[in-house]
Amino acid sequence: MDHREDVQKQIMTLLEGYRELLASCQVSTDEKGVDEENTIIECEKNDFRLSVASANLITAIENIFALNHELEKVALTNDIQARDDVRKQKTQTMELKEKEIESNIQSLREEMTDSLAKLERSYYTSNYK
């Protein structure tokens with residue numbers, strides 16, 4: 001299921017739970033033939049409805065928190081992949097620079113070897129030893 005659909009579903013569940021909670025909190029204004037026994041039964045019914053609506057509301061909120069946590073993990077995972085791509089690109093750039101530097105060092109080493117060989121030849125062939 002798409003995350004947007006899941007979020008919309010959870011929000012609708014939350015709103016429905018809130019409506020049920022509000023509906024169960026409404027007090028009846030009907031005063032005709034109010035019987036104490038009926039009043040107690042109505043209060044118990046309303047109390048039960050209130051408990052059920054509250055439980056549904058809490059469940060919907062917990063589901064939204066769980067979904068939020070999942071979305072944060074997905075976002076973090078996607079960020080890690082983007083960082084990995086950047087890291088790979090930087091690694092490739094550094095490897096290219098490393099190869100360039102190694103070739104420069106090799107060239108300098110060859111020049112120094114040639115220069116040293118010339119100096120040795122001139123030293124050993126010199127009359128001023």
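1. Arg-87 forms a salt bridge with Asp-84, their closest N and O atoms being 2.7 Å apart. A salt bridge here is a side-chain nitrogen of Lys or Arg within 4 Å of a carboxyl oxygen of Asp or Glu. The structure holds 1 salt bridge. Side chains of opposite charge can pair when their charged atoms come close.

2. A word on what you are looking at: this is a predicted model, in which local features need pLDDT of at least 70 and side-chain atom pairs count only at pLDDT 80 or more, while totals for chains, interfaces and linings use all residues. Residues are numbered from 1 along each chain as its sequence is written, and side-chain values use heavy atoms, with hydrogens and water left out.

3. Where do Arg-87 and Asp-84 lie? Both are in helix α2 (residues 36-125), 3 residues apart, about one turn of the helix. An α-helix has 3.6 residues a turn, so residues three or four places apart point the same way. Asp-84 is partly exposed, with a relative accessible area of 28%; buried means under 20%, exposed over 50%, and partly exposed in between (1.4 Å probe, protein chains only).

4. Now the overall build: the chain has 2 helices and 0 strands. Helices (H or I, at least four residues) and strands (E, at least two) are DSSP runs, numbered from the N terminus. The 90 residues of α2 should span 134 Å at 1.5 Å a residue, and its end C-alpha atoms are 130 Å apart, which agrees. That expected span is 1.5 Å times one less than the number of residues.

5. How much of the chain is buried? Buried residues make up 6% of its 129 residues. In α2 they are Ala-53, Leu-57, Ala-60 and Leu-67.

6. Do look at Gln-10, which sits in helix α1 and is buried, with a relative accessible area of 11%. Leaving aside neighbours within four places in sequence, Gln-10 is in contact (heavy atoms within 4.5 Å) with Ala-60, Asn-63, Ile-64 and Leu-67.

7. Among contacts in the chain between residues at least 6 apart in sequence, 91% join residues at least 24 apart.

8. Finally, Leu-15 belongs to helix α1 (residues 3-25) and is partly exposed, with a relative accessible area of 37%.
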